[in-house]
Amino acid sequence: GGDAGAAPTPSGGDPSGRWVMRAVTFHLPAQAQGQIRPDTSMITGTGWLVVEGDRYRISTQLEFAIDTVMVGRLRSGQMTQSRGTFTQRGGDLVLAPACNASMSSADAGAPTLSLGLSRDGVERGRLFVTTRGMLGSALLVFDMERVP
């Protein structure tokens, strides 16, 4: 984000299958430029996504260690689980959750503004999660691998 240039955008594709999240990139809003030290900040965690027909199940558990210029290192965790149905419009996924659970150690949890998907190959894809934080909209991009 801010310091690294423009964030990628979802291009669409067939989301069907079982997906394991292998890596995540956090794109900060432009307002964060110069306020976060990306080289010493880190996100770790696990996640998976299952899409069968018009139904989805997703689970992520993330730990954030964000190194700020003004305050120093901020740590928080976020766990999200959801299941329900969805529709796809181009690269956007519109969820109709039947059940949601989200917990954050920092606050009540940042609201998800939008979801997107790019199918980058037979076994590769990316899930785009846009959330709103104190500095504006931020984007999490999960690199996913399709598994049997």
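Hi everyone, let's begin with R57, which is partly exposed, at a relative accessible area of 32%. Keep in mind that this is a predicted model.

What does R57 pair with? R57 makes a salt bridge with E52, and their closest N and O atoms are 3.7 Å apart. E52 is partly exposed too, with a relative accessible area of 45%.

How many salt bridges does the structure hold? There are five. One of them joins E145 to R22, with the closest N and O atoms 3.0 Å apart. E145 sits in strand β8 (residues 136-147) and R22 in strand β1 (residues 17-27), so this pair ties together parts that are 123 residues apart in sequence. R22 is exposed, at 52% relative accessible area, while E145 is partly exposed, at 35%.

Another salt bridge links D120 and R126, whose closest N and O atoms are 2.8 Å apart.

Now over to strand β4, which covers residues 72-89. L74 is found in this strand, and its relative accessibility of 42% makes it partly exposed. Together with V69, M70 and V71, L74 forms a nonpolar surface patch of about 440 Å² accessible area.

T87 is also placed in strand β4, and it is partly exposed, with 41% relative accessible area. Which residues does T87 touch, leaving aside those up to four places away in sequence? They are D92, L93 and V94. Finally, T87 and R55 are 32 residues apart in sequence, and their C-alpha atoms are 9.0 Å apart in space.

Key:
Residues are numbered from 1 along each chain as its sequence is written. This is a predicted model: local features need pLDDT of at least 70, side-chain atom pairs count only at pLDDT 80 or more; totals for chains, interfaces and linings use all residues. Side-chain values use heavy atoms; hydrogens and water are left out. Patches are made of residues with over 30% relative accessible area and no salt bridge: like charges are joined within 9 Å, nonpolar side chains (Val, Leu, Ile, Met, Phe, Trp, Tyr) within 5 Å. Accessible areas come from the Shrake-Rupley method with a 1.4 Å probe; for residues, only the protein chains shown count as cover. A salt bridge is a side-chain nitrogen of Lys or Arg within 4 Å of a carboxyl oxygen of Asp or Glu. Helices (H or I, at least four residues) and strands (E, at least two) are DSSP runs, numbered from the N terminus. Buried means under 20% relative accessible area, exposed over 50%, partly exposed in between (1.4 Å probe, protein chains only). Contact means heavy atoms within 4.5 Å.
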